Amino acid sequence: MELYNYIKSLHLIFVITWFAGLFYIVRLFVYQIEANDKPSPEREILLNQYKIMTYRLWYIITWPSAILASFFAFWMLFFTDLGNAWLHMPWMHVKLGFVFLLYLYHLKCQQIYKQLQNDNFKYSSNFMRLWNEGATIILFAVVFLVILKNEFHWIYGVIGIFLFSIIIMLGFKFYKRIREKK
């Protein structure tokens, strides 16, 4: 059990740094997209700096954290008795579904990262601000599933996630109006 707690602690640490990387990388995407609209030479200076920052964040923090969080999760699930028991519980199946969505989100961020590194600006800064909320929704869902486990009422949980998403969207629109007035 003591080894399990060390593995769980390491898993949690790397999940936190993974999410921190995902939250910040998208914020850097916003800044990079907005820098592209600046006049020269400010544009070139900012774009070069943001490329360096995103590279370091993505490959020194975010990708290693994702890999290590996954490594410790697999260790917990497949090489411990408690993890093996959890694999048979419905809440874990739902949680793993959200983790799968997190991997898809991460891979889409990888695609956006490569596009921006090649000065290919396909998305607006407003889209990126909204995109940033995807990781937030996944984080909320996973934390509530892990903490509440079998006590979680699925219908209320799904309704809660949708309501939370609506609140985020309304907050986004409100903040956009404030930004546009300045």
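Mentor: Let us begin with a single residue, bearing in mind that this is a predicted model. Lys-95 is placed in helix H4, which covers residues 90-117.

Trainee: Is Lys-95 buried or exposed?

Mentor: One compares the relative accessibility with a cut-off, and under 20% is read as buried. Lys-95 has a relative accessibility of 15%, and therefore counts as buried.

Trainee: Which residues is Lys-95 in contact with, leaving aside its neighbours within four places in sequence?

Mentor: They are Val-142, Leu-145 and Val-146. For Leu-145, the separation in sequence is 50 residues, while the C-alpha to C-alpha distance to Lys-95 is 6.4 Å.

Trainee: Which helix supplies the largest share of the lining of the largest pocket?

Mentor: That is H1, with eight residues. At least two residues each come from helix H1 (2-35), helix H2 (42-79), H4 and helix H5 (125-148).

Trainee: How do the residues of that lining divide by class?

Mentor: In the lining of the largest pocket, 25 residues are nonpolar, two are polar and three are charged.

Trainee: How many cavities of 30 Å³ or more does a search of the whole structure find?

Mentor: The search finds one. The largest cavity has a volume of about 30 Å³, and its lining consists of Ile-33, Ile-112, Gln-115, Leu-116, Asn-120, Phe-121, Lys-122 and Tyr-123. H4 gives the most to this lining, namely three residues. By class, the lining of the largest cavity has five nonpolar, two polar and one charged residues.

Trainee: May we close with a residue in another helix?

Mentor: Consider Ser-125, which lies in helix H5.

Trainee: What does Ser-125 touch, not counting residues up to four places away in sequence?

Mentor: Ser-125 touches Val-30, Ile-33 and Glu-34. With Glu-34 there is also a polar contact, side chain to side chain, at 3.3 Å. Ile-33, touched by Ser-125, is also one of the residues that line the largest cavity.

Notes:
Residues are numbered from 1 along each chain as its sequence is written. This is a predicted model: local features need pLDDT of at least 70, side-chain atom pairs count only at pLDDT 80 or more; totals for chains, interfaces and linings use all residues. Side-chain values use heavy atoms; hydrogens and water are left out. Helices (H or I, at least four residues) and strands (E, at least two) are DSSP runs, numbered from the N terminus. Buried means under 20% relative accessible area, exposed over 50%, partly exposed in between (1.4 Å probe, protein chains only). Contact means heavy atoms within 4.5 Å. On a 1 Å grid over the protein atoms alone, a cavity is a set of points where a 1.4 Å probe fits but cannot get out, and a pocket is an open set with protein on both sides within 12 Å along at least five of seven lines; lining residues have an atom within 4 Å of a point. Grid points are joined across faces, edges and corners, and a volume is the space filled by probe spheres set on the points. Ala, Val, Leu, Ile, Met, Phe, Trp, Tyr, Cys and Pro count as nonpolar, Asp, Glu, Lys and Arg as charged, and the others, Gly among them, as polar. A polar contact is a pair of N or O atoms within 3.5 Å; within protein, one must be able to donate a hydrogen and the other to accept it, and residues adjacent in sequence count only if both atoms are side-chain atoms.
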